[in-house]
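Hi there,

Here is the structure I promised to pass along. Have a look at it first, and then read on for what turned up.

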Amino acid sequence: MACCVPVMALCIAFFVPFIAAALAVLFTRLFKSWAGWVLALFPAGLAVWFGAQVPAGVRGEVPSLTLPWMPDLGIDFALRLDGLSLLMALLITGLGTLVVIYAGRYLVHHEVLGRFYGWLLLFMGGMLGIVLADNTLLLFICWEVTTFSSFILIGFEHKEDAARESAQRALLITALGGQSLLVGLLLLGDVVGTLSISGTIAAADTVRDSPRYLAILLLVLGGAFTKSAQMPFHTWLPGAMTAPTPVSAYLHSATMVKAGVFLLARLSPVLGGTPPWETILTIVGTMTMVLGALLALGHTDLKLVLAYATVSVLGALVMLLGQGTAASIQAMVTFLTAHALYKGTLFLVAGSVDHETGTRDVAHLSGLRKRLPMTAAASAAASLSMMGLPPLFGFVGKELIYEACLEGPGGWPLAAAATVGFGGMVAAALRVGVQPFAGKTFRAEKPESKVHEAPPSMWVGPALLAAAGLVLGLVPWAIQPLLAMASVDIGGSQAGGLELTLWHGVTPALGLSAGSLVLGGSLFALRQPVLKGLRALNLSSHGPERFYQASLSGLIKLSSSMTRVLQNGSLHQYIVVTLATFGGLLALAVVLRLGEWPRGVSKYVLSHEVVVLVGILVSAVLAVVSRSALTSILALGALGLAEALLYVFFGAPDLAMTQVVVQTLTVILFALVFSRFPVQPHEHRFRWWTAALPLAVGGLITWIILHVASTPSHTRLADFYATQSVPAGKGLNIVNVILVDFRAFDTLGEATVLATSGLGVFLLFRTRSQRKKRQV
């Protein structure tokens with residue numbers, strides 16, 4: 001049931017981040033160091049509004065909005081705020097508020113802080129659009145907004161080579177996945193006959209029964225897997241750690257990387273429940289979960305360890321969606337929330353440690369708890385949640401994951417893999433959340449006297465997120481209704497019986513949880529030999545990493561070779577390549593679609609038409625073989641005038657007059673221009689293929705024209721132009737109306753090209769004239 005009251009507010013909520021992004025630079029100039037707090041009011045207000053919609057959602061009210069966008073194409077601007085959207089929107093706006101505040105202090109002296117705010121809020125708007133969209137085209141547009149804005153944010157320190165390379169990698173991988181997603185969504189819309197997401201969910205059986213189901217599934221998974229950093233597309237996420245810490249905390253722990261998981265969850269009612277879905281998601285998710293946890297152990301950079309741990313968690317979430325049971329869906333939404341809270345905290349803590357000590361290398365950090373007490377407390381709470389210890393919310397989520405694995409089709413093997421993954425995360429939590437603050441000896445890059453607690457704007461965010469993880473662990477029933485709504489939107493009514501409790505008793509899940517703690521503690525205790533062993537294996541540089549580097553190198557070499565061929569400065573070769581490409585495509589169309597000889601084109605040809613045609617042929621040959629530029633120009637002029645006569649013969653006097661004027665001006669301009677060029681000696685040598693190629697292309701075009709003329713056709717487009725010329729275009733001449741009204745942008749483009757060419761010629765001669773003056 002749609003709720004009428006918040007419908008317009010829903011539309012406003014969609015645009016608020018984009019408005020804030022547009023105002024970011026101005027606000028930064030006006031409010032200076034307080035700009036972060038002021039800009040944070042935008043996402044904070046949204047978080048409050050979304051939070052106020054939870055009771056209505058529990059009652060079954062789902063605000064939705066549908067406005068005509070491109071009605072002729074059946075495309076609407078459609079928004080929908082169901083349980084899944086509401087959960088994600090709260091995470092996006094809540095974390096976004098704290099990150100904006102944090103960034104105001106973390107980047108306080110950055111010369112383009114306002115620009116950073118703008119891109120961060122633009123990303124927030126794109127992410128919010130993804131979760132609110134009820135139209136696949138709108139979802140894709142917002143998807144690409146996050147792709148481009150994240151590219152800018154990752155490469156924000158663009159003067160550094162590593163930042164530029166990481167931004168390029170993220171863009172290439174996620175943009176390639178975006179194109180895959182676009183094709184998949186278009187195929188999906190073609191199968192169900194609508195681009196509405198809710199309408200597509202209602203026609204789920206039609207999609208699963210379609211012969212194109214597998215193609216749609218693979219294309220959609222391509223988009224989701226690249227965005228959510230699944231193996232083997234995970235390499236962009238660790239590289240993105242060159243971005244400023246607020247970007248890492250927001251994009252790469254709670255929002256952007258969750259976009260792929262959200263997409264899979266949103267389309268689970270449509271594409272899920274089939275053997276291909278279950279097999280692919282379970283295998284890829286499990287592999288990502290285990291390998292991500294292992295790779296996290298091979299690094300000492302705080303953000304890199306957290307990045308690989310994030311890859312591991314994303315794999316676990318995808319694996320749970322692949323299982324498709326009610327328990328696995330409930331575990332997925334619960335752990336998604338827990339992960340956002342503790343991982344956002346730890347990324348912000350890593351930034352504070354780096355900000356205050358000058359290093360993120362955990363091998364050079366210890367004993368910071370006395371110098372950074374608030375940061376240490378937040379880090380400890382978040383680390384305990386990441387390890388899955390009670391009474392933190394991470395423990396509640398981890399218990400649900402083990403129960404889902406044991407009860408689902410994966411059984412004990414999947415539960416064992418989850419234990420290995422969580423063991424790696426326990427070791428990672430001890431390394432990034434405990435080791436820098438434990439111990440008695442202070443170690444850091446800066447002198448001890450200069451290391452102190454971060455400003456309040458930098459520790460209030462981690463403290464609030466860590467406190468939320470603790471409170472939700474103690475009273476999980478407080479968030480249970482929201483998570484239950486999200487579960488129902490993914491898995492249907494059977495997934496709605498979610499019951500969150502801190503203590504489930506002594507169960508096999510508790511035993512596996514304890515096993516992961518033992519495994520993780522052992523890996524941490526043996527961290528030095530483990531680190532040396534993993535570095536010796538160099539897993540990060542093999543497999544996907546090597547494939548990416550090889551692919552990028554091959555692409556660069558291919559581009560260079562094509563540039564040498566296609567952009568070598570030879571006008572002759574440009575014409576040959578253009579004609580060969582154009583002729584090849586025409587020939588392919590002829591082979592695939594036509595296939596019959598033209599007949600019945602004309603019963604007779606008039607004598608004066610023959611004379612004109614002969615004149616055209618003679619002029620064309622003379623223009624080609626003449627050694628005089630002036631003769632070739634005059635021959636082209638004669639050819640153009642002969643074409644004007646043909647227009648007159650076939651009842652198009654307006655085209656004939658236009659042709660005469662244009663041809664006359666062309667001849668005059670060519671004569672003036674070529675007279676200014678120096679005489680270049682050139683060799684005239686006949687090459688049979690240079691003559692055969694244009695003759696073949698011309699003959700092919702002639703054949704197609706004859707075929708079209710001999711085939712009676714009646715199209716709706718012709719009727720449209722005829723009926724709409726007067727009422728819509730206000731003109732009796734259909735050709736003029738088509739050029740001026742129906743093809744207005746095309747005509748504008750042609751005029752722009754001509755104007756640009758004229759400007760180029762003017763600048764060319766002006767530069768030459770100025771050069772002569774300087775020489776004099």
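You will find Gly74 in the loop that joins strand 1 (64-70) to strand 2 (75-80). Between Gly74 and Val518 there are 57 Å from C-alpha to C-alpha, with a sequence separation of 444 residues.

Some background on the numbers. This is a predicted model, in which local features need pLDDT of at least 70 and side-chain atom pairs count only at pLDDT 80 or more, while totals for chains, interfaces and linings use all residues. Residues are numbered from 1 along each chain as its sequence is written, and side-chain values use heavy atoms, with hydrogens and water left out.

Now the chain as a whole. Its secondary structure amounts to 33 helices and two strands (DSSP runs numbered from the N terminus, H or I of at least four residues for helices and E of at least two for strands). The C-alpha trace spans about 105 × 70 × 50 Å along its principal axes. Of the 776 residues, 47% are buried. The accessible surface is about 36800 Å², and carbon and sulfur atoms account for 69% of that (Shrake-Rupley method, 1.4 Å probe).

Helix 18 (residues 373-387) packs with helix 21 (residues 456-474) at about 30 degrees, the axes being 9 Å apart (axes are fitted to C-alpha atoms over the stretch in contact, and angles run from 0 to 180 degrees between N-to-C directions). The two are therefore roughly parallel, a label for angles under 35 degrees. On the helix 18 side, Met374, Thr375, Ala378, Ala381 and Ala382 meet Trp459, Pro462, Ala463 and Ala466 of helix 21 (contact means heavy atoms within 4.5 Å). That contact has eight nonpolar residues, one polar and no charged.

The other pair is helix 31 (residues 716-724) and helix 32 (residues 734-742), whose axes come within 10 Å and cross at roughly 95 degrees. Helix 31 and helix 32 are therefore roughly perpendicular, the label for 65 to 115 degrees. Phe720, Tyr721, Ala722 and Gln724 of helix 31 make the contact with Ile734, Ile738 and Phe742 of helix 32.

Happy browsing!

Definitions and conventions:
Parallel < 35°, antiparallel > 145°, perpendicular 65-115°, else oblique. Nonpolar A, V, L, I, M, F, W, Y, C, P; charged D, E, K, R; others polar. Buried < 20%, exposed > 50% of the residue type's maximum accessible area, 1.4 Å probe, protein only.
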